[in-house]
Amino acid sequence: MSREQERALVLAAKANPEAFSELYNLYVDRIYNYHYRHTSNRTEAEDLTSRTFYRALRSLQSYRETGAPFQAWLYRIAHNLVVNWYRDRQNRPTVSIDVDAPPLLISGLVSPEAWVSTSETRQRLLNVIERLPEDRKTLIILKFVDTMSNAEIAEVLGRTEGAIKALYHRTLISLKRAMSEGAGDVQSKR
Amino acid sequence: MFSRSGKRYVVLQEYVPLKQQRAIARAVVTVWPRIRPSRAFVDQLSRDLATEAHRQVIAHHSKGDRTLNFLGLFSGGVLSVVGGLAIWLLVQRDQDKAGNAPLNPSQPASRATAA
């Protein structure tokens with residue numbers, strides 16, 4: 001969907017809240033996936049998705065387009081809810097990485113599909129991602145899964161584009177190290 | 001002659017080549033595909049949001065009605081006060097005219113005052 005089409009939908013929803021359903025249908029899958037990837041729990045993801053859209057509907061009149069698309073604004077709401085969720089669950093159990101497992105990296109990572117073809121390596125990569133801090137996990141979802149630009153991600157996380165580039169770089173290095181060393185600690189200091 | 005240096009170099013910035021960046025991205029997407037919500041959840045939330053939107057529309061209209069009522073009452077009050085003031089001023093002016101009227105109707109009022 002182009003920016004113009006999205007803008008038209010937003011204007012329609014602002015004029016008549018009952019037109020919000022179009023925006024909902026457009027983004028519900030992505031917002032749910034975003035929450036699910038953070039919580040790893042369907043019930044939690046559904047709850048956070050509901051709250052995201054309720055909040056968006058109630059504060060739609062306050063939305064002002066300032067260069068960033070509506071999508072970034074919606075993700076910003078979702079992100080704030082996720083941050084609160086992490087805060088509420090500070091004592092959540094962490095997934096441990098098996099330190100005796102063999103190294104993950106195949107030479108040059110030229111064929112990731114082949115590399116993640118075995119259940120062991122798949123699980124290892126999942127564990128590595130699961131252990132990432134919240135902002136890096138968000139970055140991975142928005143960058144890799146939702147293919148958002150750095151500017152849009154900056155809008156979501158409330159940071160500058162330069163900061164996002166730096167965070168992206170650090171995240172890549174963390175992932176690369178963890179995948180190549182096997183038991184790398186990806187929870188590196190920010 | 002080649003001699004091994006005793007210096008140790010610190011890598012200031014580790015670089016991830018573009019090819020590896022793409023490989024990492026593809027690997028992440030492969031193990032982390034998009035998860036879709038259940039149809040039942042999507043439909044239920046859609047209905048709930050529609051109800052909420054409808055409630056907002058009604059609330060907006062009733063708010064508009066309340067605003068109109070308030071404006072009507074307020075402007076009516078202001079007009080009443082202004083009208084009252086205007087009548088009072090007119091009455092005062094008439095009374096002033098009556099008070100300044102000459103004793104002898106044939107003499108102008110100014111002369112009577114000067115005398």
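This is a predicted model: local features need pLDDT of at least 70, side-chain atom pairs count only at pLDDT 80 or more; totals for chains, interfaces and linings use all residues.
1. Helices α2(A) and α3(A) are oblique to each other. Their axes come within 8 Å and cross at roughly 140°. This angle counts as oblique because only angles over 145 degrees are classed as roughly antiparallel, and 65 to 115 as roughly perpendicular. The crossing of α2(A) past α3(A) is right-handed.

2. Which residues bring α2(A) and α3(A) together? From α2(A) come A:F20, A:Y24, A:V28, A:I31, A:Y32, A:H35, A:Y36 and A:T39. They meet A:R42, A:E44, A:A45, A:L48, A:T49, A:T52, A:F53 and A:L57 of α3(A). Sorted by class, this contact holds ten nonpolar, four polar and two charged residues.

3. Attention may now turn to helix α4 of chain A. It covers residues 70-88, which is 19 residues. From the first C-alpha to the last, α4(A) reaches 27 Å, close to the 27 Å expected at 1.5 Å a residue.

4. Which residues of α4(A) are buried? They are A:F70, A:Q71, A:A72, A:W73, A:L74, A:Y75, A:A78, A:H79, A:L81 and A:V82. The cover over the buried residues of α4(A) includes α1 (3-15), α2 (20-39), α3 (42-58), α7 (134-145) and α8 (150-157) of chain A.

5. The axes of α4(A) and α8(A) come within 8 Å and cross at roughly 40°, which makes α4(A) oblique to α8(A). The crossing of α4(A) past α8(A) is right-handed.

6. In this contact, A:Q71, A:A72, A:Y75, A:R76 and A:H79 of α4(A) meet A:E152, A:E155, A:V156 and A:L157 of α8(A). By class, the residues divide into four nonpolar, two polar and three charged.

7. The last point concerns the contact between the chains. How many residues does each chain give to it? Chain A gives 34 residues and chain B gives 29 residues. On the side of chain B that touches chain A, the elements giving two or more residues are α1 (18-31) and α2 (39-99) of chain B. That side of chain B has 18 nonpolar, six polar and five charged residues.

Key:
Residues are numbered from 1 along each chain as its sequence is written. Chains are lettered from A and ligands numbered from 1 in the order in which they are written. Two residues are in contact if their C-beta atoms, placed from the backbone, lie within 7 Å. Helices (H or I, at least four residues) and strands (E, at least two) are DSSP runs, numbered from the N terminus. Ala, Val, Leu, Ile, Met, Phe, Trp, Tyr, Cys and Pro count as nonpolar, Asp, Glu, Lys and Arg as charged, and the others, Gly among them, as polar. The expected span of a helix is 1.5 Å times one less than its number of residues. A residue is buried if 20 or more other C-beta atoms lie within 10 Å of its own, exposed if 12 or fewer, and partly exposed in between; C-beta atoms are placed from the backbone. Axes are lines fitted to C-alpha atoms, for helices over the stretch in contact, and angles run from 0 to 180 degrees between N-to-C directions. Angles under 35 degrees count as roughly parallel, over 145 as roughly antiparallel, 65 to 115 as roughly perpendicular and the rest as oblique. A crossing is left-handed if the near helix is turned anticlockwise from the far one by less than a right angle, and right-handed if clockwise.
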